[in-house]
Amino acid sequence: MTGRVILVGAGPGDPKLITVRGAEALGEADVVVFDRLASPALLDLAPPRAERVYAGKEPGQAAMSQSEIDMLLVERARCGSTVVRLKGGDPFVFGRGGEEALACARAGIPWEVVPGVTSAVAAPALAGIPVTHRNVARSFAVVTGSTAHGDGVDLAALATATDTLVVLMAAGKLAESCAALIEGGRPSTEPAAIVQWAGTPEQRSVVGTLEDLPSLAAAVSIGPPATLVVGAVAALSTQLSSVAPPATTLASPR
């Protein structure tokens with residue numbers, strides 16, 4: 001008897017941001033394979049008998065390789081289990097969910113995806129930054145600041161292509177990312193913000209400009225996981241963060 005795999009987006013940080021379908025899927029699980037950025041509280045939604053397997057990836061190290069994760073999902077499903085792959089944010093937004101879905105499809109394993117609230121829009125929102133705003137930002141783009149193999153991302157090519165640019169996994173290369181955007185034509189005085197641990201009690205954000213954001217973030221030890229937001233909307237954080245707890249906004253002096 002063949003089971004199935006359900007790729008569930010946990011959303012960012014706050015366990016209450018999981019979708020109703022995501023919570024239902026956890027309640028059906030025989031096995032939960034979970035990531036570092038999925039709230040541990042969500043594991044309580046799975047039956048006590050369910051096997052729990054940590055497959056988190058941290059900067060520079062991983063509990064399991066991606067091929068091992070793919071194999072685990074397929075093997076457990078082949079044994080008849082309902083396997084929930086619990087991932088922070090949305091499985092298909094830089095979450096490697098597409099690779100895991102392909103592994104299941106190629107192995108003939110039934111699979112389902114449950115979209116999650118992506119940190120690409122949630123992290124800015126929780127810091128009081130709307131990624132779009134009438135007459136200020138009519139477009140936005142999302143890019144990763146790091147890749148699985150450490151390959152460079154051509155931020156300069158995207159610098160002026162959109163009103164708001166959101167860079168996920170940006171903390172490790174913040175200075176390089178800001179410099180690349182300036183080199184690509186984005187003004188050095190462009191408002192920019194970085195949001196760390198969005199949706200958790202540890203959430204912090206720093207607001208400045210492309211030029212001074214790296215030094216401001218370093219001064220307060222902003223590290224991963226963090227999301228960079230570049231564009232005029234970032235300046236709204238100083239007005240809106242007071243109604244978007246638990247963010248702590250540290251603005252650069254003007």
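**Two helices.** I began with how helix α2 (residues 66-78) and helix α3 (residues 97-106) lie against each other in this predicted model. Their axes come within 9 Å and cross at roughly 45°. Axes here are lines fitted to C-alpha atoms, for helices over the stretch in contact, and angles run from 0 to 180 degrees between N-to-C directions. That makes α2 and α3 oblique to each other; angles under 35 degrees count as roughly parallel, over 145 as roughly antiparallel, 65 to 115 as roughly perpendicular, and the rest as oblique. Helices (H or I, at least four residues) and strands (E, at least two) are DSSP runs, numbered from the N terminus.

Next I looked up who touches whom, with contact meaning heavy atoms within 4.5 Å. On the α2 side I found Q66, I69, D70, L73 and V74, and on the α3 side E99, E100, A103 and C104. Sorted by class, that contact has five nonpolar, one polar and three charged residues. For the classes, Ala, Val, Leu, Ile, Met, Phe, Trp, Tyr, Cys and Pro count as nonpolar, Asp, Glu, Lys and Arg as charged, and the others, Gly among them, as polar.

**Ground rules.** I note that residues are numbered from 1 along each chain as its sequence is written, and that side-chain values use heavy atoms, with hydrogens and water left out. Since the model is predicted, local features need pLDDT of at least 70 and side-chain atom pairs count only at pLDDT 80 or more, while totals for chains, interfaces and linings use all residues.

**The parallel sheet.** I then traced an open sheet of five strands, in the order β3-β2-β6-β1-β7, with parallel pairing. Two strands pair if DSSP finds at least two bridges between them. β3 (51-54) and β7 (111-114) are at the edges with a single partner strand each, so one side of each has no neighbour in the sheet. Neighbouring strands are turned by 15° against each other on average, direction ignored.

Is it buried or exposed? D35 counts as buried at 17% relative accessibility (buried means under 20% relative accessible area, exposed over 50%, partly exposed in between, with a 1.4 Å probe and protein chains only). Leaving out residues up to four places away in sequence, D35 touches residues including Y54, R85 and K87.

**Strand β12.** Five of the five residues of β12 (residues 226-230) are buried, so the strand is largely enclosed by the rest of the structure. A226, L228 and V230 point one way, T227 and V229 the other. I found three bridges from β9 (residues 164-168) to β12, running antiparallel, with V166 partnering V229. Five bridges join β10 (residues 191-196) to β12, also antiparallel, and Q196 stands opposite A226.

**Last stop, G231.** G231 is in the loop between β12 and α7 (237-240), and at 0% relative accessibility it is buried. G231 and A137 are 94 residues apart in sequence, yet 7.8 Å apart in space, C-alpha to C-alpha.
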